[in-house]
Amino acid sequence: MAYGSFVIQRDLSFTVERGEVFVIMGGSGCGKSTLLNHMIGLKRPASGDVVYDGLSFWRAVPEVQDGLRRRLGVSFQSGALWSSMTLAENIGLPLQTFTRLRTRQISDIVSLKLALVGLAGYEEFYPSEVSGGMLKRAGVARAMALDPDILFFDEPSAGLDPISSRRLDDLILELRDSLGATMVVVTHELASIFTIADNSVFLDAETRTMIAHGNPKTLRDECPNPTVRSFLRRGQAEAVAGGPAT
Amino acid sequence: MESAALEVRDPTLVVRRHGQDGAVLELTGTWLSQRDLPEPAGVLGQLRSGAIRRLAFDADRVTAWDSGLVTFVLKVLGETSTWGVAADRAGLPEGVRRLVALAEAVPERQTGRGGARPAWLARLGARAITKADGVLVGVTFLGESLQALGALLRRRARFRASDLFLVMQDCGPRALGIVTLISFLIGLILAFVGAVQLQQFGASIFVANLVAIAMLREIGCIMTAIVMSGRTGAAFAAQLGTMNTNQEIDALSTMGISPMEFLVLPRMLALIVMMPLLTVYSNVIGILGGAVVGTGMLGLGPTEYFEQTRAAAHVSDLLIGISKSVVFGVVVALAGCLRGMQSGRSAASVGLAATSAVVTSIVCLIVLDGMFAVILNVLGF
């Protein structure tokens, strides 16, 4: 992964299993969001590839890429809802574009998706008229519009109060369990990481590669790398290791 | 969301009576929204006419499902619960049951949206009130900008000189290209129109008078102002609108820095300085454009043409054009800044702000130019 000749991360290799919640973690500026952009097909990696079900994304022809993209749903950091459309139109657009459903069916599905994220009744609101937490949930509803196999979340809890952020975590887990979808979450919120993650990868800004891979709880207790342990213990790794230092 | 779809069969629905007042909905096949799903209305009619009090589901033979099944179940449950029907959801697929519970967890919010449109008289009244408020806001903004100018004269205005120079560079030297093109062509067109008429009387030399007076008094300043409104006024609106979206203007206000002084004043000053210079430049280029037609098409000598121009044009014509250009500069700057600061916090409203800035400033420019024409005529200039 690189911008121009500046390499952000190299030698990344990991597998996301179907139906798991996979967390991409690391400190600020280590390239988490860039990695996400590679995975969702926004930015071509400097070298390497992203493979879905044995199908290479970056070596595929554009038609196949579009087909793959439709199996992904992305919830962006600040919602990224189209500001000139109501919430209902935001969620309805992919349905209108990619399915042959009737208008009434679309509006039923839109209402369902909004109800799933706790926003029933907000169909006719514009994004500028609802709060930040609601925007984020509406973004999740839009990501789910086409019933995708894989849902990506970029910093789902950034800028949310603890309760909203907890609810969003619960929503991610509930959706995974009921839809059987795969979830890929970029975050550095420890509470979130420990609540939702089945598996994770840790990107390090200094060595510019992944330095840990596995369940975060196991990594916290057993990872040999001090950077990872310190991150997962909010910087108190050495203090804990050195006994009661408070 | 699909469970393993081994066979693709049409979705079917059978209502089976169970006991005296019970019913079981038997669902089979692939319940994907892309396929034609049964309408809830039909089932609901059947249930209603059967005076059902208890409802159960049997979805064991559903091979695949997606949002289509969930919306169907939600509709049936929602409607029957208002009749007091007890529903047993145990027969639904596990995922559907959880999604239905999730969708019902937060009750629908009554937002009062989507109600009937108010009567036309009420809409007209509401629009009139909005327009009147708009005028008030415009006048207030003009007043505040004059206060900022006052602060500048008392050397108390707070803005960065580097900002002023940046804006000046952008709306001065960088606008030369487009002003050159427009003014040259306008001078050319004026001369053409005049030449066709004046040649009939053998008075082609008066093309020089026509071009000189029209450029100096009217066309030079108004064309420059319209170009600047499209080029710079819209840019001001977009920039300030985006700053408003990012709360940058709020950040200035909370630090006690007046956005009027910090953002509006430099833009207004830049146009006050640059508009007269651009207007004079536009006059010169316009007259050159006229001269091209005069010498090339009408066979006048260059010296003759410029001599005639010099005799026709008075210093007062030049000064009138320059004074108007100062006023026009203020109008373009204020319309752009006002619409930008009024802009809402979304991409769509920044676009609207830019449009509205150009419309506002062009309307004000033409109205003001008309007023200038009447006043100067009365005063005898």
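**Burial, shape and sheet**

Q: To begin, what share of chain B counts as buried?
A: The model is predicted. In chain B, 38% of the 381 residues count as buried.

Q: And what secondary structure does chain B have?
A: Chain B has 12 helices and four strands. Its radius of gyration is 36 Å, well over the 21 Å given by the globule rule for 381 residues, so chain B is more spread out than a compact globule. The C-alpha trace spans about 110 × 55 × 45 Å along the principal axes of chain B.

Q: Turning to the largest nonpolar core, which residues touch the most other members?
A: That core has 87 residues, and those touching the most other members are Ile24(A), Leu114(A), Ala141(A), Phe152(A), Met183(A), Val185(A) and Val73(B). Helix H4 of chain A, residues 103-116, gives the most to this core, with seven residues.

Q: What is Val73(B) in contact with, leaving aside neighbours within four places in sequence?
A: Val73(B) is in contact with Leu92(B), Val96(B) and Val100(B). Another core, of 63 residues, lies apart from the largest one and includes Ala191(B) and Val332(B).

Q: Changing topic, in what order do the strands of the open sheet in chain A run?
A: The order of the six strands is S6-S7-S8-S3-S9-S10, with mixed pairing. Strands S6 (72-75) and S10 (209-213) of chain A are the edge strands, each pairing on one side only.

Q: How many bridges join S7 and S8 of chain A?
A: These two strands pair in the parallel sense over five bridges. Phe153(A) stands opposite Val185(A) in S8(A).

Key
Residues are numbered from 1 along each chain as its sequence is written. Chains are lettered from A and ligands numbered from 1 in the order in which they are written. This is a predicted model: local features need pLDDT of at least 70, side-chain atom pairs count only at pLDDT 80 or more; totals for chains, interfaces and linings use all residues. The radius of gyration is taken over C-alpha atoms; the globule rule is 2.2 Å times the number of residues to the power 0.38. A residue is buried if 20 or more other C-beta atoms lie within 10 Å of its own, exposed if 12 or fewer, and partly exposed in between; C-beta atoms are placed from the backbone. A nonpolar core is a set of buried Ala, Val, Leu, Ile, Met, Phe, Trp, Tyr and Cys residues joined through C-beta atoms within 7 Å. Two residues are in contact if their C-beta atoms, placed from the backbone, lie within 7 Å. Two strands pair if DSSP finds at least two bridges between them.
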